[in-house]
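Please load the model in a viewer and keep the selection panel at hand.

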Amino acid sequence: PPFIMAQVCSLRTPQGRRFPATMGPMLRQTSGAVPDDCPRVLSVQSHVVHGYVGNRAAVFPLQLLGFEVDVINSVQFSCHTGYPAICGQKLDGKDLQVLVEGLATNEVLDHDYLLTGYIGTASFLREVVRLLDRLPKSCRYICDPVLGDNGKLYTSAELVDVYRAEVLPRVSILTPNQFEAEMLTKANITSVSEAAAACDALHSLGVATVFLTTLDAPDATKGGECVAMMLSEPGREKWLLQLPHIGGGPFTGTGDLTTAMLLAWTYIHPHEAPAALEKAGAVLQATIEETVRSHKGRTIGGKLVPPELRIISSKRAIEEPVVVTRCRLVVPLSPTPTGILFDVVGLRVEVGKPLAESALGPSDREFLLQLAARGVRVGFATADGDDAMVVELLDGRLAPARSADVSGGPAAKRSRSSLEVGCCAAWGLELAALVVVADGVPSIERAWTAGAVPVAWLPEGCASTVMHELAKSARFTVSSAEALSRLLPE
């Protein structure tokens, strides 16, 4: 109905733009309308006539998620370099300058994101830095520093120094593979701890956020059983994502697809970077599974050519990724959390009611029921302020927390930490083992004061300024109860 469509079209992302990712596909299917204020991306990468690498692997998925993408092809080849014949053209710095001048003259150089991938020459890369100066100051730079892989450079060694000295200080999000991180930091990576140190070194060079898109260290891959990625943000805990290894490769274009998806999902989850990595990983896994199912590598001219990614037939997985694997902390919480307290206005509950009648979605309810079955105590604050008490999830229903009155009595009500202290007293937990999930800065500050683990609840539709303040005040952020699994042992 028109009134529903009007409400859908009015929804906005935390940045204030019309929401592209989950609403875009529905709008197109139901009315043919497309959001009129989509985020704009300038993608500077390689192009192939046949296959899916570079811009061919990045542009279509971004468009599916509601992004307007303008394209500059740093090279144009017939096929990617895994084929026997490499035929085509390369742009140099002057070629890029001409294109940029045309965009500027026509007043269309107004992008929200700059995305770069394979760049073949130092002159072209330096022109990218000049391009940044002509883009809006709010433009975020997502850089995949394509240098090589598996110990081998694809480009000249000169580009490494240009990236280090001139590019990295301008980068918002960097997505190197392990080899590229080693080249940029001039350090070997043989373990998870060394990967974490490499991320810190990249931060010291000016990079705000690092997604290490491959990590081959044995303690990261569980001896080759999985594909590992790392997330690092300055001043925050580091995360490790370990996805099941899928045979049938090697595959080309996976890094280009991953970086594009990290751009998209960090836009949608601006204060929950682990969620962005999980969804990018889910897209990658689903696309590789579709590729292996329907296409095999073949031998051409005596050379084994890997299968091309099946990006078109992975359309649904790109639009609606199903997260199966969650990030885990590189350094686990100690002590291990054994209690979770929700102090969230939108999740107030009543004593005696089943969890099914709460505002939580089905997957969140199932997750909390599983936690309770494992012995993790799960409770909900019933009100705001000093009158709050905690009800506990017991046998699928909500009952007063066992063993004590967690309101703490009149004396405890004068303490801002009485709710957490009383809850831990009732449950026999130390405060450091309690995770407090809250949607208000005062509640988060109270959790810090009590010595609990404060987690900001970021619901859909939350205003960008509120979301920013919540994320800034908490130790962790989640947009679903299920995402709390990141903090718990597997």
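**First stop: Ile312**

Select Ile312: it touches Tyr52 and Phe60, not counting residues up to four places away in sequence, where contact means heavy atoms within 4.5 Å. The model is predicted, so local features need pLDDT of at least 70 and side-chain atom pairs count only at pLDDT 80 or more, while totals for chains, interfaces and linings use all residues. Residues are numbered from 1 along each chain as its sequence is written, and side-chain values use heavy atoms, with hydrogens and water left out.

Ile312 lies in the loop between strand S13 (303-305) and helix H12 (315-319). Helices (H or I, at least four residues) and strands (E, at least two) are DSSP runs, numbered from the N terminus.

**The whole chain**

Now select the entire chain. There are 17 helices and 21 strands in the chain, and 53% of its 490 residues count as buried. Among contacts between residues at least 6 apart in sequence, 66% join residues at least 24 apart. The accessible surface comes to about 20,900 Å², of which 53% belongs to carbon and sulfur atoms; accessible areas come from the Shrake-Rupley method with a 1.4 Å probe, and for residues only the protein chains shown count as cover.

Select residues 178-185, which form helix H7. How many of the eight residues of H7 are buried? Seven of them are, and the helix is mostly covered. The buried residues are Gln178, Phe179, Glu180, Ala181, Glu182, Leu184 and Thr185.

To see what covers the buried residues of H7, display strand S6 (148-149), strand S7 (152-153), helix H6 (158-167), strand S8 (173-174), helix H8 (192-204) and strand S9 (209-215), which are included in that cover.

Asn177 caps the N-terminal end, with a side-chain oxygen 3.2 Å from the backbone nitrogen of Phe179. H7 is followed by Lys186, whose phi is positive, near 60 degrees.

Move to His203, which is found in helix H8. His203 is buried, with a relative accessible area of 14%. Leaving aside neighbours within four places in sequence, His203 is in contact with Ala208, Thr209, Val210, Ser232, Glu233 and Pro234.

**Backbone features in loops**

Select Asn150, in the loop between S6 and S7. Asn150 has a positive phi of about 50 degrees although it is not a glycine, and at 70% relative accessibility Asn150 counts as exposed.

Glu107 lies in the loop between helix H4 (93-105) and strand S4 (113-116). Glu107 is not a glycine either, yet has a positive phi of about 60 degrees. At 70% relative accessibility, Glu107 counts as exposed.

Then show Ser334 and Pro335: a cis peptide bond joins them, with omega about 0 degrees. Pro335 is found in the loop between strand S14 (328-329) and strand S15 (339-343).

**Helix H15**

Select residues 418-427. This helix, H15, is mostly covered, with eight of its ten residues buried. Those residues are Ser418, Leu419, Glu420, Gly422, Cys423, Cys424, Ala426 and Trp427. Just after H15, Gly428 takes a positive phi of about 70 degrees.

**Last stop: the cavity**

Select Trp239, Pro274, Phe476, Thr477, Val478, Ala483, Arg486 and Leu487, which line the largest cavity. A search of the whole structure finds one cavity of 30 Å³ or more, and the volume of the largest cavity is about 30 Å³. On a 1 Å grid over the protein atoms alone, a cavity is a set of points where a 1.4 Å probe fits but cannot get out, and lining residues have an atom within 4 Å of a point. Grid points are joined across faces, edges and corners, and a volume is the space filled by probe spheres set on the points.

Which strand gives the largest share of the lining? Strand S21 (residues 476-478) does, with three residues. The lining divides into six nonpolar residues, one polar and one charged; Ala, Val, Leu, Ile, Met, Phe, Trp, Tyr, Cys and Pro count as nonpolar, Asp, Glu, Lys and Arg as charged, and the others, Gly among them, as polar.

Methods: On a 1 Å grid over the protein atoms alone, a cavity is a set of points where a 1.4 Å probe fits but cannot get out, and a pocket is an open set with protein on both sides within 12 Å along at least five of seven lines; lining residues have an atom within 4 Å of a point. Buried means under 20% relative accessible area, exposed over 50%, partly exposed in between (1.4 Å probe, protein chains only). A polar contact is a pair of N or O atoms within 3.5 Å; within protein, one must be able to donate a hydrogen and the other to accept it, and residues adjacent in sequence count only if both atoms are side-chain atoms.
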